[in-house]
Amino acid sequence: MSDLNKRIDKDVDIIGIDLGTTNSCVAIVENGQPPRVITNENGDKTIPSIVSWDGKQLLVGNEAKESIFNDSEAIFSVKRFMGTKEEITLGGKKYSPEQISAMILQYIKTRVEVSLKRPISKAIVTVPAYFDDSQRQATINAGKIAGLDIVRIVNEPTSASLAYGLDKLSDDMKILVYDLGGGTFDVSLLHLHDGIFDVMATSGDNHLGGDDWDRRLEEWIISSAKALYNKDIDMNNHIIANKVKGYAEWTKVQLSFNEEVTVDISDLVGNEGASIVISKIEFEELTKDLMDRTKFPVEDAVKESGLDPSQIDKIIMVGGSTKMPMIREYVKSYFGRDPEEGVNPDEVVAIGAAVLGSSLKGEINVQLNDVIPITIGMASYDGTMTPIIKRNTKIPCKKTDIFTTSFDNQDKIEVKVTQGERTMSEDNKILGEFEFIGLDPAPAEEPQIEITYAIDENGILNVSAKDLKTGKFKEVTIKDTSGLSSDEIRKMIADAEKFKNDDLQKMKNVELSKIAWEYIELLVKYVNENPYDKLPYYKRDRSIAWIRKMEGFLEKEDYRALRVNFIAFQFHMYVTMYEEIKKGYKMNFKTDFE
Ligand code: AMP
């Protein structure tokens with residue numbers, strides 16, 4: 001049982017981050033107000049989880065997404081590589097999945113700081129329920145690199161049900177969360193009663209998501225380009241591959257709203273006016289097997305919970321891919337009932353995390369009892385895996401087992417921690433291993449070594465071994481599974497600082513440009529509305545000169561010149577429009593230029 005109450009000071013902000021495969025979202029609960037999603041200066045609620053290199057600099061979020069069509073290198077869906085040793089190359093430099101995720105987290109942190117105008121240091125980050133220990137550790141490491149203290153990792157479906165159930169705390173209901181994102185599929189079944197969210201079962205597929213639907217459309221684009229325009233598309237060329245991916249995703253999203261979509265592929269085949277057409281029915285045929293794959297985890301979670309499908313009261317759809325009509329229809333036909341309306345699949349997870357943040361501060365009284373998604377065990381000498389903590393056990397939890405030696409005078413035992421549902425260790429994931437050395441000489445099977453597995457509320461594992469005869473003890477946090485040492489993390493934190501400053505500067509530039517355009521528009525309007533006899537010619541001429549000058553800086557994106565000239569520009573406006581300002585027009589004078 002997690003005690004969520006009064007652990008963190010009320011004055012400390014805790015943001016809730018849904019670090020999605022394709023898009024991320026951030027929310028906050030401030031002073032007990034309803035949770036809200038934090039937007040950027042354009043009002044966008046989601047942030048593309050993309051990092052790119054445009055030849056000069058690294059870009060994140062919207063800018064990275066836009067840059068794909070301008071021949072930049074881009075990294076999508078880095079979440080799929082979390083917890084692996086995959087190396088990602090951008091602009092000739094190699095990065096770990098944690099570093100790329102950290103760039104996204106840092107960008108989100110900066111967005112929030114610019115919006116709230118105060119520093120942020122704490123966050124709750126959501127992960128797919130089906131994430132294993134190494135993927136959770138990698139997420140925490142990404143937070144560290146980004147300078148964010150991740151106070152809790154929470155499962156995405158649990159987070160979504162927290163947001164959904166917030167105004168229904170006195171109800172008693174069983175909720176099924178169907179969460180199909182960009183790269184992962186999760187199903188969780190929860191029992192909400194007396195303000196307690198009890199996760200009954202969770203299941204999923206770590207390698208199924210909207211990206212798979214995209215890939216089918218990529219294949220369709222490639223084969224159509226060949227069939228109709230006799231063009232071989234070189235998917236080994238990153239830039240071309242990214243474009244194809246961009247077109248594929250666009251087509252998929254369009255097919256959620258249209259019966260038929262035409263895709264212009266002129267630049268792919270080098271033939272002006274080249275286009276291909278796909279209908280919704282064809283698309284559904286093309287991807288039917290993917291949709292069918294979501295059936296197994298649903299059936300598995302229902303079975304694990306011991307419920308009958310008819311006992312489920314509410315179905316919540318989470319994740320961008322549930323916007324595909326075929327998915328909603330499929331869920332409806334499986335359960336014989338409509339999923340809940342009014343749940344925004346893009347925002348509900350981040351909102352739940354923000355609610356959990358508020359609850360950690362003691363502002364809201366809810367209780368979360370989550371479970372571990374995948375069995376954790378120990379590899380035995382005979383190659384099998386001995387399960388220690390079974391999947392769907394409530395966390396935090398602790399389990400102990402006694403092990404012994406296989407040979408006479410064996411002086412050490414090897415503890416190999418594995419995670420998975422298969423019988424043989426080699427078919428499961430090895431989370432970490434350590435040797436327990438210095439056993440006293442003894443006949444085989446005499447020593448008694450107590451091995452304890454403890455899982456905290458974040459789903460992170462600690463393993464300890466104790467020789468019951470000598471009392472010798474060793475404890476290990478299984479944290480190096482993603483291959484990063486603390487030294488490496490420290491170095492990455494230092495690297496990330498530089499990136500953070502670049503990012504902050506970029507956002508400040510955007511903010512300054514916005515004000516500058518606003519003032520220019522105002523001045524243009526003022527000049528146009530005031531005839532020559534009212535506006536002395538020198539004021540008019542000067543205004544026109546200022547408008548041209550400032551427009552020039554904005555168009556050339558010369559932010560240095562913009563900053564240097566801004567005070568003088570404001571002063572000119574103040575003097576020129578003095579009468580207006582006296583009448584009550586408020587100008588927000590900007591004085592802090594960094
Ligand atoms: P998430 O990981 O929850 O951000 O989900 C992202 C996935 O949802 C990506 O594969 C998107 O392409 C997909 N997605 C977002 N909006 C739509 C839509 N309207 N129709 C189909 N798929 C969508």
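Guide: Let's begin at helix α5, residues 210–229, whose 20 residues reach 28 Å from the first C-alpha to the last, close to the 28 Å expected at 1.5 Å a residue. Helices here are DSSP runs of H or I with at least four residues, strands are runs of E with at least two, and both are numbered from the N terminus. The expected span is 1.5 Å times one less than the number of residues in the helix. Please keep in mind that this is a predicted model: local features need pLDDT of at least 70, side-chain atom pairs count only at pLDDT 80 or more, and totals for chains, interfaces and linings use all residues. Residues are numbered from 1 along each chain as its sequence is written, and side-chain values use heavy atoms, with hydrogens and water left out.

An α-helix has 3.6 residues a turn, so residues three or four places apart point the same way. Just after α5, asparagine 230 takes a positive phi of about 50 degrees.

Follow the chain on to helix α6. Asparagine 237 caps its N-terminal end, with a side-chain oxygen 2.9 Å from the backbone nitrogen of isoleucine 239; a polar contact is a pair of N or O atoms within 3.5 Å, where within protein one must be able to donate a hydrogen and the other to accept it, and residues adjacent in sequence count only if both atoms are side-chain atoms. Buried positions in α6 include Val244, Tyr247, Ala248, Glu249, Thr251 and Lys252.

This helix takes us to the ligand. Among the elements around the ligand, α6 (residues 238–254) gives the most to the shell, with three residues. In total 16 residues surround the ligand (a heavy atom within 4 Å counts as near), and the closest are Gly182, Glu249, Lys252, Ser256 and Gly320. By type, the shell divides into three nonpolar, 10 polar and three charged residues; nonpolar here covers Ala, Val, Leu, Ile, Met, Phe, Trp, Tyr, Cys and Pro, charged covers Asp, Glu, Lys and Arg, and the others, Gly among them, are polar.

Look now at the ligand's oxygen atoms. A polar side-chain atom of lysine 252 lies 2.7 Å from an oxygen of the ligand. From the backbone, an N or O atom of glycine 320 lies 3.0 Å from a ligand oxygen, and a polar backbone atom of serine 321 is 3.1 Å from an oxygen of the ligand. Taken alone the ligand exposes 500 Å², of which the protein buries 92%; these areas come from the Shrake-Rupley method with a 1.4 Å probe, and for residues only the protein chains shown count as cover.

Further along, the loop between β21 (397–403) and β22 (412–419) holds glutamine 410. Glutamine 410 counts as buried because its relative accessibility is 8%. Its side chain reaches the backbone nitrogen of serine 406 at 2.8 Å, and a polar atom of that side chain lies 3.0 Å from the backbone nitrogen of phenylalanine 407. Asparagine 409 is placed in this loop too, with a positive phi near 55 degrees. In the loop between β20 (385–389) and β21 you will find proline 396, joined to isoleucine 395 by a cis peptide bond with omega of about -5 degrees.

A last stop is helix α15, residues 559–576. Its 18 residues reach 24 Å between the end C-alpha atoms, close to the 26 Å expected. A kink of about 45 degrees is centred on phenylalanine 566, the bend being the angle between axes fitted to the seven residues ending there and the seven starting there. Phe566 is among the buried residues of α15, as are Leu562, Phe569 and Met573. Valine 564, also in α15, counts as exposed because its relative accessibility is 60%.

Stepping back, the protein has 16 helices and 26 strands, and 54% of its 594 residues count as buried.

Methods: Buried means under 20% relative accessible area, exposed over 50%, partly exposed in between (1.4 Å probe, protein chains only).
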